[in-house]
Amino acid sequence: MKQRILVTGGTGYIGSHTVVELQNAGYEVVIIDNLSNSNKDVLDGIEKISGIRPDFVEADCTNIESLRQLCKDYPGIKGIINFAASKAVGESLQIPLLYYRNNLMTLINLLEIMPEFGIEGIVFSSSCTVYGEPDVNPVDESAPIKKATSPYGNTKQISEEIITDYLNSKEGLKSIILRYFNPVGAHPSAEIGELPNGVPQNLIPYLTQTAIGVRKELSVFGNDYDTPDGSCIRDFINVVDLAKAHVIAVQRMLENKSERKVEIFNLGTGKGVSVLELINTFESATGVKVPHKIVGRRAGDIEKVWANPQKANNVLGWKAEIPLSDTMISAWKWQLKLRERGIM
């Protein structure tokens, strides 16, 4: 019998790509999503790629009774992958309580239902923001956790502490915390990709929408940082590579290969790329120009951060493999598909 996995936020960007990879690996998936930053049509894309339409429940994870009902309706869930969270650094500075409510209450509710329904483990979607402005790059898992520069980053730090404290109080539960660097791109089929509701808060959808003429120009926040071209440096990882890491993490938990109750892994390419370099890579890979302008620095932004992914490479046997140029082509193909469908 296929093992059943609950994917919260599974119609979102990273969630949908992970659902595809889970189904390809033989897992049975149940998605819960309140569609606050995604669309139910994503289920069609998942089905086209994998040949399987995942079960879907439209509900909010901050409502614990909705989670309990889901577990009754879909018994035998073995593991959870939690993507249900608000995720924009800039927005979190403007509406912090929304971020604390959504991100922390969702996690607390999921942890609470795990022993009630015999759920063995949870893979948690964390972020390199927990490292703040790192002392040294590349960043490995032993780097100090710095004071968060945004409420979004703070919710990730607090969530990691909540997971550790709770699992230390319970026997038989496991967690793998995956600290992402910067997920970008789309599935190569162009059936799913990043499509936030409203004005994008993330770089790539804003970039592709600018390239296709939906937005006038892309703002580059600052060109006076201590980097070779003055713009911020990030570690941009293809979303399909990232999704595959979640499947490996679930397998590790459910096959009792974890070395401790809570394991932490950085997921990145190990290469730092500046925002201006990223724009150049997109233009070179696609032949499409991106109108952009330099504006002032944005509050909450970190100057430079990229991963040391050796632990994930060696312990999980996972590696980011897709080149950045291919990733940019996939993002553009997705944008063209959205235009073809009359969406954007």
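I take contact to mean heavy atoms within 4.5 Å. With that cut-off I looked up the contacts in the protein between residues at least 6 apart in sequence, and 80% of them join residues at least 24 apart.

**Basis of the entries**

I note that this is a predicted model, in which local features need pLDDT of at least 70 and side-chain atom pairs count only at pLDDT 80 or more, while totals for chains, interfaces and linings use all residues. Residues are numbered from 1 along each chain as its sequence is written, and side-chain values use heavy atoms, with hydrogens and water left out.

**Overall form**

Along the principal axes, the C-alpha atoms fill a box of roughly 55 × 45 × 40 Å. Of the 344 residues, 54% count as buried (under 20% relative accessible area, with a 1.4 Å probe and protein chains only).

**Thr106**

I looked up Thr106 in helix α5, which covers residues 96–116. Thr106 has a relative accessible area of 3% and is therefore buried. A polar atom of the Thr106 side chain lies 2.7 Å from the backbone oxygen of Asn102. Neighbours within four places in sequence aside, I recorded contacts of Thr106 with Cys61, Thr62, Asn82, Ala84 and Arg101.

**Cavities**

On a 1 Å grid over the protein atoms alone, a cavity is a set of points where a 1.4 Å probe fits but cannot get out, and lining residues have an atom within 4 Å of a point. Grid points are joined across faces, edges and corners, and a volume is the space filled by probe spheres set on the points. By this rule I count two cavities of 30 Å³ or more.

The largest cavity has a volume of about 90 Å³. Its lining has 13 residues, and Glu194, Ile204, Pro205, Thr208 and Trp334 lie nearest its centre. Helices α7 (203–211) and α11 each give two or more residues to this lining.

The second largest cavity has a volume of about 50 Å³. I list its lining as Asn82, Ala84, Ala85, Asn103, Phe124, Ser125, Thr155, Lys156 and Ser159. The elements giving two or more residues here are β5 (121–127) and α6 (151–168), and α6 gives the most, with three residues.

**Second largest pocket**

A pocket is an open set of points with protein on both sides within 12 Å along at least five of seven lines. The second largest pocket has a volume of about 160 Å³. I found 13 residues in its lining, with Phe236, Thr269, Lys271, Ile322 and Leu324 nearest its centre. Strand β10 (236–238) and helix α11 (324–340) each supply at least two residues, and β10 has the largest share, three residues.

Conventions. Helices (H or I, at least four residues) and strands (E, at least two) are DSSP runs, numbered from the N terminus. Buried means under 20% relative accessible area, exposed over 50%, partly exposed in between (1.4 Å probe, protein chains only). A polar contact is a pair of N or O atoms within 3.5 Å; within protein, one must be able to donate a hydrogen and the other to accept it, and residues adjacent in sequence count only if both atoms are side-chain atoms.
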